[in-house]
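Let's take a walk through a protein model together. Have the sequence and the 3D view open, and follow along as we go.

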Amino acid sequence: MGKTLKELAELVGCEVSGNGSILIKGVAPLESAAEGDITFITSPKYAHLLKITAASAVIAPPEIRVENKDLIVSRNPQLAYAKILTLLNSRPYTAKGIDKRAYIGRRPKISETVNIYPFAYIGDDVEIGERTVVYPGAFVGNGCIIGNDVAIYPSTTIMDRCILGNRVIIHAGAVIGADGFGFARDGKRHYKIPQTGIVQIEDDVEIGANTTIDRAASEKTRIKRGTKIDNLVQVAHNVVIGEDSIIVAQVGIAGSSVLGSNVVIGGQAAIVDHVKIGDNVMIGGQSGVASDVHDNQIVSGSPAIPHRDWLKASLLFSHLPDMRKTIKELEKKVEELEAKLK
């Protein structure tokens with residue numbers, strides 16, 4: 001079962017150029033698409049590939065027109081592609097209930113429309129909303145509150161009292177609500193500071209596999225609406241991440257840092273504790289952020305500096321050995337001239 005090109009265009013709010021009645025059954029990349037598939041292109045520099053693709057239709061920006069190829073014309077082809085891919089691959093939700101091999105604690109408040117798979121553990125006083133799925137081996141601690149349409153994948157751990165909003169996705173192996181890393185010095189020993197807060201994850205957040213988000217020392221570690229966090233990210237206690245931010249793999253965010261909305265952090269970047277990152281900030285991969293970054297800035301490097309300055313500095317790195325050699329030679333000549341003057 002598929003959709004006509006016109007139906008797909010109406011779904012994504014775009015126009016058809018060509019035959020809107022052709023049937024689209026699948027979505028595929030340009031190179032591997034077959035008849036009945038739709039594909040997409042984002043830039044005119046890839047337009048030559050349209051001559052070799054077997055796709056029945058293409059999602060393309062307005063500046064691209066190709067003879068003998070039916071198009072959906074979109075100013076954001078990637079977004080249109082994602083929406084069509086979601087539509088053509090969606091399956092009706094079927095509520096299967098709670099498997100008898102799952103453990104359910106005391107006083108549960110669990111919707112009848114959930115799917116809880118074998119060997120999932122649900123603690124005492126847990127609330128779970130409509131159409132939420134808890135996969136095998138997942139752990140949900142005492143007093144957790146989980147919203148509607150949430151997916152908790154295998155081997156995920158959600159510790160006591162954490163709160164998840166609606167349409168949250170937690171990928172396999174993630175740990176939500178482990179103790180924050182807090183210790184006080186007692187001579188040469190380390191005295192553990194009790195971590196009594198929680199983690200709150202708001203609506204439409206996605207957490208990648210094996211990512212860890214620590215509970216707050218007090219109050220909340222908070223991930224705000226719409227933020228997407230990649231795999232293998234560490235978010236420490238009392239961190240706040242604003243709405244619609246993107247955190248790429250292997251980023252580390254130290255305790256009590258506050259990130260604004262629409263922040264983008266490249267892979268393997270590190271942020272020290274207690275800093276403030278403004279709205280719309282971009283932080284380059286492998287950067288080390290040691291101080292506050294104001295709104296609308298782009299920074300790179302370690303320590304992080306304005307991105308343009310980092311690009312200029314990085315161009316010099318490969319020349320440093322030759323520059324050092326030149327300086328040594330100049331120093332020697334200056335010494336020789338000084339000796340002659342004496």
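## Before we start

This is a predicted model, where local features need pLDDT of at least 70 and side-chain atom pairs count only at pLDDT 80 or more, while totals for chains, interfaces and linings use all residues. Residues are numbered from 1 along each chain as its sequence is written, and side-chain values use heavy atoms, with hydrogens and water left out.

## The parallel sheet

Back to our pair. Strand S15 (residues 139–140) and strand S18 (residues 157–158) run parallel and are joined by 2 bridges. A few words on terms: strands are DSSP runs of E with at least two residues, helices are runs of H or I with at least four, and both are numbered from the N terminus. Two strands count as paired if DSSP finds at least two bridges between them.

S15 and S18 belong to an open sheet of 10 strands with parallel pairing, in the order S9-S12-S15-S18-S21-S26-S29-S32-S35-S38. At its edges you'll find strand S9 (103–104) and strand S38 (288–289), each of which pairs on one side only.

## The mixed sheet

There's also an open sheet of 12 strands, this one with mixed pairing, and its order is S8-S11-S14-S17-S20-S25-S28-S31-S34-S37-S39-S40. Strand S8 (97–98) and strand S40 (305–306) are the edge strands with a single partner strand each, so one side of each has no neighbour in the sheet.

Look at the S40 end. Strand S39 (residues 298–300) runs antiparallel to S40, and 2 bridges hold the two together. Across that pairing, Ser 300 faces Ile 305 in S40.

Now find strand S5 (residues 37–40). Strand S4 (residues 26–27) runs parallel to S5, with 2 bridges between them. Strand S6 (residues 57–60) is also parallel to S5, this time over 3 bridges.

Where does Ile 38 come into this? Ile 38 in S5 is opposite Val 27, and its bridge partner in S6 is Ala 57.

## Salt bridges

Side chains of opposite charge can pair when their charged atoms come close. A salt bridge here means a side-chain nitrogen of Lys or Arg within 4 Å of a carboxyl oxygen of Asp or Glu. How many salt bridges does that rule give? The count is 10.

One of them joins Asp 124 and Arg 106, at 2.9 Å from N to O. Asp 124 is in the loop between strand S12 (121–122) and strand S13 (127–128), and Arg 106 is in the loop between S9 and strand S10 (109–110), so this pair ties together parts 18 residues apart in sequence. Asp 124 is buried at 13%, whereas Arg 106 is exposed at 52%.

Asp 149 and Arg 131 make another salt bridge, with their closest N and O atoms 2.7 Å apart. Asp 149 sits in the loop between strand S16 (145–146) and strand S17 (151–152), and Arg 131 in the loop between S13 and strand S14 (133–134), so parts 18 residues apart in sequence are tied together. Asp 149 is partly exposed at 32%, and Arg 131 is partly exposed at 35%.

Next up is Asp 203, which forms a salt bridge with Arg 167, their closest N and O atoms being 3.9 Å apart. The two are 36 residues apart: Asp 203 is in the loop between strand S24 (198–201) and strand S25 (206–207), and Arg 167 is in the loop between strand S19 (163–164) and strand S20 (169–170). Asp 203 has a relative accessible area of 28%, which makes it partly exposed, and Arg 167 is partly exposed at 40%. Asp 204 joins in as well, in a salt-bridge network with Arg 167 and Asp 203.

Methods
Buried < 20%, exposed > 50% of the residue type's maximum accessible area, 1.4 Å probe, protein only.
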